[in-house]
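Subject: The structure for you to look at

Dear colleague,

I am handing over the structure we spoke about, and below it you will find my notes on what was found. Please keep the view open while you read, and look up each residue as it is named.

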Amino acid sequence: MRLAVIILCVIMGKHIFPQEDKFTAARNSMVKTQIIGRGITNSATIKAMRKVPRHLFVSRDSENDAYGDYPMSIGYGQTISQPYIVAYMTEVVRPSDNKKALEIGTGSGYQAAVLAEIVDKVYTIEIVPELAKESAERLNLLGYKNIIAKAGDGYNGWPEHAPYDIIIVTAAPNKIPEPLIDQLAENGRLVIPVGEQGRIQELMLLVKKNGKIDKTRLTFVRFVPFRRSKD
Ligand code: SAH
């Protein structure tokens with residue numbers, strides 16, 4: 001049924017997903033209490049969080065929990081972040097319609113979709129091949145033509161399309177990968193959780209100004225580990 005609705009929307013060339021669905025009320029309430037209620041003020045971020053159908057980014061069995069105030073499993077030991085964290089990371093990179101973004105850790109594709117509602121282009125990389133395939137199909141069905149996804153280890157970024165105004169990393173390495181800093185544009189903003197596995201991690205914001213990096217510690221977080229491919 002859900003697929004049928006999406007396919008119908010694509011065929012009819014309308015909004016790719018219905019603006020009203022059975023979770024509209026849950027989504028609006030999530031935005032009101034978890035997003036605006038906790039201090040997110042960026043209007044583009046709020047609008048995107050109101051629009052993207054989060055329930056289509058989790059398994060069918062758990063769609064009723066999709067607007068809850070917690071991260072959720074998306075299989076393969078990975079998670080979709082709590083809505084507030086997605087909104088916070090989106091706001092902090094100051095998205096706007098002329099910007100180019102890189103995301104490391106596509107996962108379900110939800111963060112990529114939220115960004116893609118605002119910025120010009122989103123490049124996103126996922127290391128688990130099955131997740132990369134699933135999320136690319138999902139984003140394609142939902143009509144996100146400005147998201148370019150690939151499977152692989154995002155440690156080295158995506159040099160072909162660099163520099164990026166925005167880089168969002170959604171898995172936690174021990175140290176910030178140097179290639180990502182190199183691929184940040186002048187005035188670009190990179191947000192990344194940093195810390196050892198199983199320990200408290202810190203969300204860091206890096207801003208490039210006159211070629212130099214300004215680093216700010218934002219808050220404590222808990223993300224899945226940043227992995228490296230063996231080849
Ligand atoms: N942004 C995602 C959150 C996914 S959790 C969402 O909105 O759903 C983080 C993801 O990062 C996981 O899917 C994990 O497999 C992936 N990941 C971990 N290390 C990675 C790496 N080196 N390169 C690319 N993806 C990585």
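This is a predicted model: local features need pLDDT of at least 70, side-chain atom pairs count only at pLDDT 80 or more; totals for chains, interfaces and linings use all residues.

Tyr76 has a positive phi of about 55°, although it is not a glycine. Most residues other than glycine have a negative phi, and most peptide bonds are trans. Pro163 lies in the loop between strand E5 (147–151) and strand E6 (164–169).

Rolling a probe the size of a water molecule over the atoms shows where empty space is left. In this model, about 490 Å³ of space lies in the largest pocket, and of the 34 residues that line this pocket, Thr79, Gly105, Thr170, Ala171 and Val224 are the closest to its centre. The elements that give two or more residues to the lining are E2, helix H4 (83–92), E3, H5 and E4, and among these E2 gives the most, with three residues. Sorted by class, the lining of the largest pocket has 16 nonpolar, 13 polar and five charged residues.

Where is the ligand, then? The ligand sits in this largest pocket. Around the ligand there are 26 residues, of which Ser108, Glu126, Asp153, Gly154 and Arg227 come nearest. Strand E2 (78–80), strand E3 (100–104), helix H5 (110–116) and strand E4 (121–126) each supply at least two residues of the shell around the ligand, and E2 gives the most to this shell too, with three residues. The residues of the shell divide into eleven nonpolar, eleven polar and four charged.

A polar side-chain atom of Ser108 lies 2.7 Å from an oxygen atom of the ligand, while a polar backbone atom of Ile127 is 3.2 Å from a nitrogen atom of the ligand. The side chain of Thr170 also has an N or O atom that is 3.2 Å from a nitrogen atom of the ligand. On its own the ligand has 580 Å² of accessible area, and the protein covers 99% of that area.

With best wishes

Methods. Residues are numbered from 1 along each chain as its sequence is written. Side-chain values use heavy atoms; hydrogens and water are left out. A residue is near a molecule or strand if one of its heavy atoms lies within 4 Å of it. A polar contact is a pair of N or O atoms within 3.5 Å; within protein, one must be able to donate a hydrogen and the other to accept it, and residues adjacent in sequence count only if both atoms are side-chain atoms. Accessible areas come from the Shrake-Rupley method with a 1.4 Å probe; for residues, only the protein chains shown count as cover. On a 1 Å grid over the protein atoms alone, a cavity is a set of points where a 1.4 Å probe fits but cannot get out, and a pocket is an open set with protein on both sides within 12 Å along at least five of seven lines; lining residues have an atom within 4 Å of a point. A molecule sits in a cavity or pocket if more than half of its atoms lie within 2 Å of its grid points. Helices (H or I, at least four residues) and strands (E, at least two) are DSSP runs, numbered from the N terminus. Ala, Val, Leu, Ile, Met, Phe, Trp, Tyr, Cys and Pro count as nonpolar, Asp, Glu, Lys and Arg as charged, and the others, Gly among them, as polar. Grid points are joined across faces, edges and corners, and a volume is the space filled by probe spheres set on the points.
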